[in-house]
Amino acid sequence: MPLVEAYRTQLKVLTALSQWQDAIELAAVIREDLQGNTERFDALYGTNPDLLLARIYTGDAASVLSEIGSLGPTATSGITQLELQLTAGLAAIELGQTDTAMDAVEGSLIQYFEDAQLAEPSGAEGVRDGHVEFFRNAYLDFLVSDPGQNALRDRNLDGEELLFSLATLSPSGTTQKSLVASSARAAAGNPELAELVRQVQDVDLKIGALRDNLAFLQTAPRNEVSPEKLSRIRAQLIDLTSAKEALDEEASQRFPEFSELIDPAQPTLAELRTSLAPDEAMIVMRAAKTHTYIWAFQQGGPIVFARSDFGTAALKRSTQRVRRSLDPGLISQLGDIPDFNIREAHKLYQQLLEPVAGGWQEASRISLVTDSTLGSLPFSLLVTEAVEDRDDATLLFDRYRDVPWLARTHAVSVLPSVGALRVLRSRPDDRPGRKSFAGFADPYFSLDQAEEARQELSPTAARTPLQVASRSGFTDFPISLRSGPQTRSMLSATLALLPCLADTRDEVLAIANALDADPTRDVFLGADANETNVKNASLLDYKVISFATHGLVAGDLDGLTQPALALTSPSVTSNANEDGLLTLGEVLGLRLDADWVVLSACNTGAGDGAGSEAISGLGRAFFYAGTRALLVSHWPVHSAATTELMTDLFTSSVSKPGLGRDEALRQTRLHMIDQAVFRNDDGAAVFSYAHPIFWAPFTLVGDG
């Protein structure tokens, strides 16, 4: 059986790469290994979905269609009945048999994706093996390729709604589930129902974690996993599943509204439009291998659809070119900051936003739904007109003040799913009596850092004056961005190797001052920025919560298997119950009622890896815990610029009641572009903050 599974894995990889002829050649090798035993081959691989697809795309579509038709409703190995129907539909598309293909669309497609959303994470139903995305992209191309959508109209199908549902239904919508979870608790009204909902959702999380663990262990070599361990996990799963069924039954009987709270239906286009404010547009993007599908619409007006020729590979190349002008690596002086790639930022605008401009330009706010391909780039820095870079006139980087950024005209927030806005806006109004702010910054990752900080913070410590830059030598002016973890190339990495973040003190204290918080009560710095204080801080009672520290992902430190925020080391706190990490699992256990959670750490806005959603696992966890919005960073930030940005942002949010979070961020960006400068100790302007490296690192995720 190990060889059988190895071959199946190879076939899956070849499907993911669309290397169809290689898959056919691999099938010949498999036949040789089976010594020509056709009956055995058919039993093991006859309905293998990857091999069926390879046959379809190497000229054997007619035979595949005939074979699937002869199978009937009998159980098959390695493929579900819905997958069989969809595979037959793809064969029909290759043969030009539109009616047969439409049978698959009408009878199977949406059901397949709905089943995929609900499937267990063990992969037992074949849902997590890459076929979901393959079917989605193939059928999107098929449906879009009919300009008049005659086939859809002939069957009285709403082509617009079908395309949108197909593009936005996702089996990996964990962020949407987190939003539903927290919003369900908030919207329950009845505290008893809210607590019951939390219990159900917490059990769900434990079940999911156990299933993922079981699936992982089942793929490990047999000599590395004891049968007893597998049996224990299976027994725990049975117990937790029984407990969840009992909780579900109790909740449904006592509270009829429970089901709608816990599992709301996927919103239609019409429902999404009614959830938008009059001045707001929604833009939804779905990147596939060869194209990106884009919708834009407002509360009224047309729903505009376009298909960009930029697929995932082209998008990745383009976004990486822009990112390289924002996050080039080590920067020690001003001359290390690259010119911003204006041309590439405009090209992305032309590919993604310009084709659907009729659906969003009349709005002033944009709620953007995208995926991990585009999740690493704040859209506010896209350039809306073709302009050439030029030289600075008076101050370094001041030439970027005249660039037509999208931030000039529109406030942009990012939604983790199409249903997120409706879910977030179903939450009850702000709970009165909450305190304004809690902040955690400048944790000490070792005893040496704690001692160095003690000396630097001493009243007698001498300050090193800043150098004064001359116009002739400004590129040599020393500058540093916050250092991120550089541990992945190391054989072993511990918390003590993380660089300190002493300048985050200024940032968090500036926010506290802007929000009129009590820094002696609500701000936790240095040794106080530890796990115990986070968990004991009654965070449910704060409107804004900031973590100005490193965001870590699995593999950054020894033994780290999930995203985490780095906090003060237990070697400093002498608390044996801490490990210095606020992990995703611990964030899930927090209880929040926050308007904002600020994650001012390097790269917290990036996805967790290939195929991940557009925001990090930490973001999902904070949504589950109960925040309405996240402010996340995408690259190592300049501390003085970030302090000014945060000060202006939260001063505006207090001084202008009713100003949306997204518009407050837009106005702050414009302040940074048009007015803000870095000054030396003598008060002389050294450089402008108009380069996007200074004003664009943060994205607002959630309800603007």
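Among the contacts in the chain with a separation of 6 or more, 75% are between residues 24 or more positions apart. Keep in mind that this is a predicted model. Colour the chain by secondary structure, and you can look for 27 helices and 16 strands. Of the 704 residues in the chain, 53% are buried.

**Stop 1: a ring pair within a helix**

The whole structure holds 18 aromatic pairs. Select Y139 and F142, which form an edge-to-face pair, with 6.4 Å from centre to centre and 80 degrees between the planes. Why are these two residues about one helical turn apart? Both belong to helix α7 (residues 131-144) and are 3 residues apart there, so about one helical turn separates them. Y139 and F142 are both buried.

**Stop 2: a ring pair across the chain**

Next, select F397 and F687. Their ring centres are 6.2 Å apart and their planes are at 80 degrees, so this pair is edge-to-face. Where in the chain do F397 and F687 come from? F397 is in the loop between β4 (365-369) and β5 (411-415), while F687 is in strand β15 (residues 685-688). The two are 290 residues apart, and their pair links distant parts of the chain. F397 is buried, and F687 is buried too.

**Stop 3: the cores**

In soluble globular proteins, nonpolar side chains tend to be buried together. Which residues have the most contacts inside the largest nonpolar core? They are W360, L381 and F687, in a core of 117 residues. Helix α24 (residues 617-625) gives this core its largest share, 6 residues.

Leaving aside neighbours within four places in sequence, L381 is in contact with V322, L326, F340, A345, W405, W635, P692, W695 and A696.

Then move to a second, separate core, which has 62 residues. To find this second core, select some of its members, including L14, Y45, F164 and W295.

**Last stop: a lysine over a ring**

Finish by selecting K435 and Y542. K435 lies over the face of Y542, at 5.0 Å from the ring centre.

Technical notes. Residues are numbered from 1 along each chain as its sequence is written. This is a predicted model: local features need pLDDT of at least 70, side-chain atom pairs count only at pLDDT 80 or more; totals for chains, interfaces and linings use all residues. Side-chain values use heavy atoms; hydrogens and water are left out. Helices (H or I, at least four residues) and strands (E, at least two) are DSSP runs, numbered from the N terminus. Buried means under 20% relative accessible area, exposed over 50%, partly exposed in between (1.4 Å probe, protein chains only). Contact means heavy atoms within 4.5 Å. Rings of Phe, Tyr and Trp (its six-membered ring) pair if their centres lie within 6.5 Å; planes under 30 degrees apart count as stacked, over 60 as edge-to-face and the rest as tilted. A charge sits over a ring if NZ of Lys or CZ of Arg is within 6 Å of the ring centre and within 35 degrees of the ring normal. A nonpolar core is a set of buried Ala, Val, Leu, Ile, Met, Phe, Trp, Tyr and Cys residues joined through side-chain atoms within 4.5 Å.
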